[in-house]
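Biologist: Please put the structure on the screen. I will ask about it piece by piece.

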Amino acid sequence: MKEILLDYDKCNGCMACAQACAAEHSESKTIVGAILEGVRPRIFVQSVDGKPFPIICRHCEDAPCVDACMAGAMQKDPETGVVTNEGHAEACVGCWMCIMACPYGAVDRDYRSNTALKCDRCPEREIPACVASCPNNALFYTDVNVYADARRTAEGRRLLAIG
Amino acid sequence: MRYLIIGSSAAGIKAAETLRGLDREASITVLSEENEPPYSRCLLPEYLSGKKSREELTFRAGNFFKDNNIETMLGERAVYVDPAGQEVILESGEAVGYDKLLVATGASSTCPPLPGIDKVGFTGIRNLDDADLILNRCRSGNKAVVIGGGFVGLETAYALNRRGLDVAVVELAPHILALQFDATAAEILANDMKQSGIKIYAGTATRELRPPEGLGRLGSEAENTVVLDDGTELKAHLVLTCTGTKPNVELLVGTGAEINRGIVVNEYMETTVPNIYAAGDACESTDLVSGEKGLTPIWPNAVIQGKTAAYNMAGRPRKVSPLLGLQNAVEFREVPAIAAGLSTSGPQDGLEILTVHQPTRGIYRKIVLEENVIKGMIFVGNIQNAGVIAALIRKQADVSKIKDKLLDYSFNYGYLWPGMVKKELEEMEAEAV
Amino acid sequence: MSTECVTCTQSEVCTSAHPSIQEMYSRTHDMGLDTIFDRYQAQQPQCGFGMTGVCCQLCSHGPCRISEKAPRGICGATADTIVARNMVRLAVHGTAAYTHHLEEVAETIKATARGETPYTIGDPDKLREIASVIGLDTDKETNQLADELADVILAELRKSSTEPLALVKLFAPPTRLEAWEKLGVIPGGVLSEVRDALTKSMTSINTDPVDLMLTVLKLSLAAGYMGLVGTITIQDILLGTPGIAESRSDLGIIDPDTVNIVAHGHVPLMATAVIQAAEDSELNELAREAGAEGIKVYGSMCTGQELMQRSGSSARGYAGQLGNWVTQEYIVATGAVDLVMMDMNCSTPGIKSVADQFHTKLVSVDRVVRMEGVDDHIDYSPDKAEEQARELIRMAVEAYRNRNGGVFIPQHQSDVVAGFSVESILGALGGSLDPLLDAVKEGSIRGIAAVVGCTNNRNGHDTRGLNIMKELIKNDVLVINAGCMSSASEMHGLMLPGAAEEAGEGLKAVCNALGIPPVLNFGSCVDIGRIGVAVTAIAGALGVDPSRLPVVASAPEYLEQKAVVDGVFAVGFGLLTHLGPAPPVLGSPMVTRLLTEDIEGLTGGKVLVEEDPVKAAAKMVEHIDEKRKGLGV
């Protein structure tokens, strides 16, 4: 199963990923449109003493946010592995149990709808918008094992550098 | 294999779902005295306020039982368990056999010994029937008094307020939410509630409840009177009492199962009786901060316990990690708040307390430490990354190297990345992924 | 970076090196007010493309960012082009702003010559000296000569870019002129240079990184000789050359019981008029009617430094310096400031959001200064300055009446010795630089470091600057301050003779013998020109090029565009110039190498980028030692 992975050293905090994420989740699908619509990103480019650190949802196998959801809105799709509180019959009520449960801080509040806001891995896209937008190749969308293997070999490193 | 699960809320449903995932063939039966599809009692305030319909209270899709091939016995009440015969006897006299039994019977509202409560009538809020009764009473007038300013009381008060009722809350403790929030946090939340017009009487005992007198009883808008300790009299068409719950343990009385306040279970969610398991609000398990056995009555814990019980019932031994008994997230009007662990402690308890407080913005953060290990937290107003701190409580990790960062609004998971808490972090990752 | 802070014993990185500002930050934080330290946090992380200068936003194809994946912009521009072109734009800003200051002073001299202002020509001797160098007829009477000198300055500003600036030719050491002529960077009229540089830096006009960087150097020389040297010279002629003066600094000097006016900015003209008007008995009566005990005028930023160094002459009555750029919001948050008059440069929108919580009136006093929500403008006009100053005081008294309690004044202050300049040093040394030069030669003064320029919050307000200065004086390097760094030293007590205790044995002995502090207060940021004059005098006295002197420059907390041209000017002047935060050039290997290595072969100076203050000081000392060896001392 593919994951969004981060090469932390390559991130320079430009926040292109956050803008692309907001655009993808807007009506207009544009960065400017997202700003006008008040759409917030679901990838959180935070800082560790000034050094950028993007917080990305891992779509955990045994996701604490799913267990915590008392409305049943937060679900993990058995097929895609995507964890999201959107698109289900059970509606999120903004109780923030998931925010309390997520050890990564990958869930935030959507002030517009007062519901939880998190990565849905861009269901309409083959490659998530954040990954596609990263100008530094700091984000990858790949199988964890493939990535780990690639990292382990010099050949893999070379491939990643030109990828 | 025959699995019988009594209770169809967080623990029961999660257990049924997990069992089906582990065993495609087994017979799984969910028995509940409520004749309803699985609904979330945490959503009852949404129902009271009118924001959600009855149908929208479900936390699993409507065809959940059918899709998962789970038998149901809804509207049936279990009255006795025969451990030797491996049978549960129903009120109707019917006996239901099991190979493995999960008792996920939850808890019930307790009725406080208030003078006059017998005359006014006790009304709590625990299930759909309670909610329907309250909605029915709302028709007789628009004044409500909620006795008990804990989470349930306040959620209910706010729901009735949104419904248009004139609501007052009476709390015995010096401030609302006294179990999990300190006075500073409670003040911010109380002020937020007052914005909606809810009146709060904290630090006040209820002296007496008086039903309508004389001819007043005949009117369609009969008013009860709630008399406070200082003599204040509050008029109410509806008096609600939200002062606590007690675990539903009766079913196992006499079976030999050890029962304390709740049903005692080990880390495999086994009771002291073979083949009988317990999970959710009915059971007691080890609290991660205190290390002692206690109730952990909160949705996420019930789900984890239900899941763990299911694994063990299916013969896949799995321990439940110690749970945070006290943890809650809430947003009554517009101020979100999260508290976990020993959140109300102060320096007088010999603990280290870090706080940041910006009253004009409604922001308060508090972190309670003991020897550089986080034991409790409160985030009010700005709850981003609260889960990272809560995870550090669950991990009981040494945070000495990042202590000065913990209260920063910009504190985030990245601070755990380069080194210091690395081991714990890897464990966290291993557990999560 | 937490090891960096040695100004106190706390383990965490402080918001500020100054206890007064830390106390004020606690106050604003508890009030729920966002101030600079909060906004800095909120801005983290900051975009790496912008930080390294490779973001180009000039045309509608942009923004283009240079990365491994996209090594050229859409038009084909490389990182080198984009970085160099962005540098030109920064340098244009700095140069233009200095020019505005110079013009205001020149126009004021002309109005003063006509007898229309509250000022009188403050240093007629300097007027005659400069007039004679320029070739004017010095037999004319003072006012007429001043008027003619001002005309020369204005004409120099406005002439074509093909006519070399006379001031460069007249004031630069001949060895420097030779180097600059070789590079073709002797500037013409400043306004024309600004126009040329702006034209070059438009999309698709000049895309050659080398030519663009030479343009930066040319602008910096124009700014250096007109904006810095020119401005301080005619400002001295108008307001008087600084003399040694004692003053006070830090927030603890604020008197809660007087009408308090803060002069904030860079151009001290209106502020001088206000100080003079504050002596007026009628206005003082007005203040007493309002319940105040009097009227006090304090300084903030460079305007305050200008007033401080002239507090023995044109700015008599000056109440002291409150702080520098970072401190402006906290000054207002004391609740004891009635009016802030903001002249050209360095008033942040943040000061308004804090003023909104108090009674403090903000007034812009320069036609180019405007701020959202500030509706009171008393735009300085030389011929109306006297009445404008009185009006400002009346507004301050009115604001005083609206004080709403909540005064909090941190109890920290320090005495200061100010007013160092070539002239005042010569005066103190009996007319010759020799005692100082002898101390340099025999090594008790190892060298001189001009620690100048802005302050910022990248590593704690004033923290890095103070650490570097302490390190330098410990190594017997005499430190000279100008700009916001002056405030840092003032508040920290380094500008007192007693601070020599923190210096190395050699420097300590010299300070004690001469009765001077180890950190000399040269004043405001335009007084970097004064340092240029001093270095020129030392080079002249020794008969060598400035690049051979054991002198270094450091802008350890550089912030804005004027500092960019100051820094490049110092490099052009032949000095090793340390910059604290790396300027936005690191995305271009060519520009980075040019500034940090290659330029040394061309001008003798170069940029040193070093974030660690101890290492930075060590590298500067090492450079000084090399230069000493070169001179054979």
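Biologist: Which residue of strand 18 of chain B stands opposite Leu101(B)?

Modeller: This is a predicted model. Strand 7 of chain B covers residues 100–103 and is joined to strand 18 of chain B by 3 bridges, the two running parallel. In strand 18 of chain B, the residue opposite Leu101(B) is Ile276(B).

Biologist: In what order do the strands of that open sheet in chain B lie?

Modeller: The open sheet has 5 strands, and their pairing is parallel. From one strand to the next, the twist averages 20°. The order is 3-2-1-7-18.

Biologist: Why is one side of strand 3 and of strand 18 of chain B left without a neighbour in the sheet?

Modeller: Strand 3 of chain B spans 71–74, and strand 18 of chain B spans 276–278. Both stand at the edges, so one side of each has no neighbour in the sheet. The reason is that each has a single partner strand.

Biologist: Helix 1 of chain B packs on the sheet; what angle does its direction make with that of strand 2 of chain B?

Modeller: Helix 1 of chain B is made of residues 10–22 and touches strand 1 (2–6), strand 2 (27–32) and strand 7 of chain B. Angles here are taken between N-to-C directions and run from 0 to 180 degrees. For helix 1 and strand 2 of chain B, the angle is about 170°.

Biologist: Now chain A. How many charged residues are on the side of domain 1 that touches domain 2?

Modeller: Domain 1 of chain A is assigned as 1–56 + 119–163, and domain 2 as 58–118. In the contact between them, 10 residues of domain 1 meet 13 residues of domain 2. The domain 1 side divides into 5 nonpolar residues, 1 polar and, as for charged ones, 4.

Biologist: What percentage of the residues in chain A is buried?

Modeller: Chain A contains 7 helices and 8 strands. A residue is buried if 20 or more other C-beta atoms lie within 10 Å of its own. Of the 163 residues in chain A, the buried share is 52%.

Biologist: Which residue of chain A is among those touching the most other members of the largest nonpolar core?

Modeller: That core has 404 residues, and Leu189(B), Val274(C) and Met341(C) are among those touching the most other members. The remaining one has contacts beyond four places in sequence with Cys65(A), Ala68(A), Cys69(A), Met74(A), Val107(A) and Ala116(A).

Biologist: How many residues of chain A are in contact with chain C?

Modeller: On the chain C side there are 10 residues. By class, these are 4 nonpolar, 4 polar and 2 charged. On the chain A side, the number is 12.

How values were computed: Residues are numbered from 1 along each chain as its sequence is written. Chains are lettered from A and ligands numbered from 1 in the order in which they are written. This is a predicted model: local features need pLDDT of at least 70, side-chain atom pairs count only at pLDDT 80 or more; totals for chains, interfaces and linings use all residues. Helices (H or I, at least four residues) and strands (E, at least two) are DSSP runs, numbered from the N terminus. A residue is buried if 20 or more other C-beta atoms lie within 10 Å of its own, exposed if 12 or fewer, and partly exposed in between; C-beta atoms are placed from the backbone. Two residues are in contact if their C-beta atoms, placed from the backbone, lie within 7 Å. Ala, Val, Leu, Ile, Met, Phe, Trp, Tyr, Cys and Pro count as nonpolar, Asp, Glu, Lys and Arg as charged, and the others, Gly among them, as polar. Domain bounds come from an automatic or database domain assignment. Two strands pair if DSSP finds at least two bridges between them. A nonpolar core is a set of buried Ala, Val, Leu, Ile, Met, Phe, Trp, Tyr and Cys residues joined through C-beta atoms within 7 Å.
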